[in-house]
Amino acid sequence: MAVTAVDEMRSRLGRVGATLTTPIAPAEEWRRAARRVEDAGYGSIWVNEAIGGREVFTQLSVMLAATDRIVLGSSIANLWARHPAAMQGAASVLADAYPGRLALGIGVSMGALVEQSGQEWTSPLNRMRDYLDGMDASVDAAPVPETPFPRLLAALGPKMQGLARDRADGALPAAMPVEHTRLARERLGDDKLLIVLQGVILETDPGKARGMARQTRMLEMPGSPYTRALKGLGYSEEALADGASDEVIDACYGWGDEAAIAKRIQDHLDAGADHVCLSVFAPDPASSAEQFERLAPAILS
C-alpha cells in the first residue's frame with residue numbers, strides 16, 4: 001500500500017516542533033537559528049507570512065538548505081499572497097528538492113490585513129474552497145515529488161475544519177485551548193493530521209506572563225477569527241473584552257516553568273493532537289533558538 005502524506009509526516013514529526021515568527025532579520029540569523037532548533041531535537045520548524053515582507057517559500061527554502069533532517073512547514077502560507085497555481089508549484093518544487101521535509105499549511109488571514117494589501121475580503125470558507133480547486137487544477141503542471149507533502153488548513157471553526165477533513169490532509173489550528181484540540185480531532189477523524197500551534201511563555205510570575213500574552217492583541221483585531229472560535233467554545237463577550245480575562249489567557253497560552261510547558265504539550269497530545277508546535281516570545285531568531293534549547297530537555301524526552 002502506498003505511503004500517504006499523512007503517514008509520512010506522522011513518522012517524521014515526533015511530538016514537538018518550533019515556530020520561528022520573529023520580524024525581518026538577515027538570512028544567516030535564520031540559518032543559525034534553524035540549525036540550533038534541529039540540533040536541539042525538535043521535529044519541525046514553522047514560519048508564517050502576511051502579504052509581503054518574509055515571503056514564506058523563500059523563507060522555507062533558506063532553512064531547508066541550512067538543515068539536514070527537520071521538517072519545515074508554513075503556518076501559514078497566505079492564499080491572498082499568490083495565485084493557487086503558484087502555491088501548488090512552489091510547494092511541489094520544495095517537496096521535490098527536500099523529500100519528506102515539507103508541510104504546507106494554508107490560511108486565509110484576516111479581513112483588515114487583506115484589505116490593507118488592496119484586495120477585497122470575501123467569505124473565508126468560499127475563498128478557501130475556490131483556492132483549493134485552483135491548486136488541484138494545477139497539479140499536472142507542477143513537479144511530482146518523490147514523497148508526497150501534506151496540505152493542511154489553518155482551521156479554527158467547524159466549517160473550515162470540515163473542509164480540512166474533506167479537501168486536505170489535516171488542520172493547523174493556533175492559539176486555542178486544549179478543549180478546541182479535542183473537538184478538532186472529533187471533526188477531522190483519526191486519518192487526518194492535527195498539528196496544534198501553541199504559544200508559550202517561560203515566565204512563572206502570573207502577572208508578567210499574562211501581560212506578555214495580552215501584548216499580542218490577537219483578540220482585539222477587527223474580525224478576529226480567534227475571538228469567533230473562542231465564542232464557539234462558550235467564552236462570553238465579557239471574558240473576551242479588554243485583552244481577555246485571566247481564564248481566557250490561561251486557556252490559550254502555556255506559561256510557567258519548563259514542567260508547566262511540558263504539561264500543556266501533553267494535554268494537547270492527550271486531546272488528539274499529532275504534533276504540538278511551540279511559539280515563544282522573542283525579538284529575534286537567536287533569542288527564539290535560545291528558548292527552544294532551554295525547553296528541549298523537559299519537553300523532548
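This report describes helices, nonpolar cores, ring contacts and several single residues in a predicted model.

The buried residues of H6 are Leu125, Met128, Tyr131, Leu132 and Met135. Because these residues cover an arc of only 130° around the axis, they lie on the same side of H6. Asp130 and Ala137, on the other side of H6, are exposed. The cover over the buried residues of H6 includes helix H4 (84-97), strand S5 (102-107), strand S6 (151-153) and helix H7 (158-167).

Helix H13 can be read in the same way. Buried in H13 are Ile261, Arg264, Ile265, His268 and Leu269. The arc that they cover around the axis is only 140°, which puts them on the same side of H13. Ala259, Lys263 and Asp270 are exposed on the other side of H13.

In helix H1 (residues 5-13), the buried residues are Ala5, Val6, Glu8, Met9 and Leu13. They cover an arc of only 160° around the axis, so they are on the same side of H1. Among the elements that cover the buried residues of H1 are strand S1 (16-19), S2, strand S3 (71-74), S5, strand S8 (193-201) and S10. Just after H1, glycine 14 takes a positive phi of about 70°.

## Cores and rings

The largest nonpolar core has 60 residues, and Tyr42 and Leu278 are those with the most contacts inside it. When neighbours within four places in sequence are left aside, leucine 278 is in contact with Val16, Gly17, Ala18, Thr19, Gln198, Val200, Ile261, Ile265, Phe292, Leu295 and Ile299.

Across the whole structure, a search finds two aromatic pairs. One of them joins tyrosine 42 and phenylalanine 292 in an edge-to-face arrangement, with 5.5 Å centre to centre and 70° between the planes. Tyrosine 42 lies in the loop between helix H2 (27-40) and strand S2 (44-47), whereas phenylalanine 292 lies in helix H14 (residues 285-299), so the pair ties together parts that are 250 residues apart in sequence. Tyrosine 42 is buried, with a relative accessible area of 0%, and phenylalanine 292 also counts as buried, at 0% relative accessibility.

A charge and a ring also meet in this model: the charged end of arginine 127 sits over the ring of tryptophan 80, 4.1 Å from its centre.

| Residue | Relative accessibility |
|---|---|
| Serine 92 | 1%, buried |
| Alanine 273 | 8%, buried |
| Glycine 107 | 0%, buried |

Serine 92 lies in helix H4. Not counting residues up to four places away in sequence, serine 92 touches Ala142, Pro143, Pro145 and Phe149.

Alanine 273 is found in the loop between helix H13 (258-270) and strand S10 (275-280). With its neighbours within four places in sequence left aside, alanine 273 is in contact with Thr181, Leu194, Val196 and His268. Threonine 181 and alanine 273 are 92 residues apart along the chain, and their C-alpha atoms are separated by 6.6 Å.

Glycine 107 has its place in strand S5. Residues up to four places away in sequence not being counted, glycine 107 touches Ile76, Ala77, Asn78, Leu79, Met128 and Ala154. The C-alpha atoms of glycine 107 and isoleucine 24 are separated by 21 Å, and the two residues are 83 residues apart along the chain.

Terms used
Residues numbered from 1 in each chain as written. Predicted model: local features only at pLDDT ≥ 70, side-chain atom pairs only at ≥ 80, totals over all residues. Heavy atoms only, no water. Buried < 20%, exposed > 50% of the residue type's maximum accessible area, 1.4 Å probe, protein only. Helix = DSSP H or I, 4+ residues; strand = E, 2+ residues; numbered from the N terminus. Arc of directions from axis to C-beta. Contact = heavy atoms within 4.5 Å. Core = buried A, V, L, I, M, F, W, Y, C linked by side-chain atoms within 4.5 Å. Phe/Tyr/Trp six-rings, centres within 6.5 Å; stacked < 30°, edge-to-face > 60°. Lys NZ or Arg CZ within 6 Å of the ring centre and 35° of its normal.
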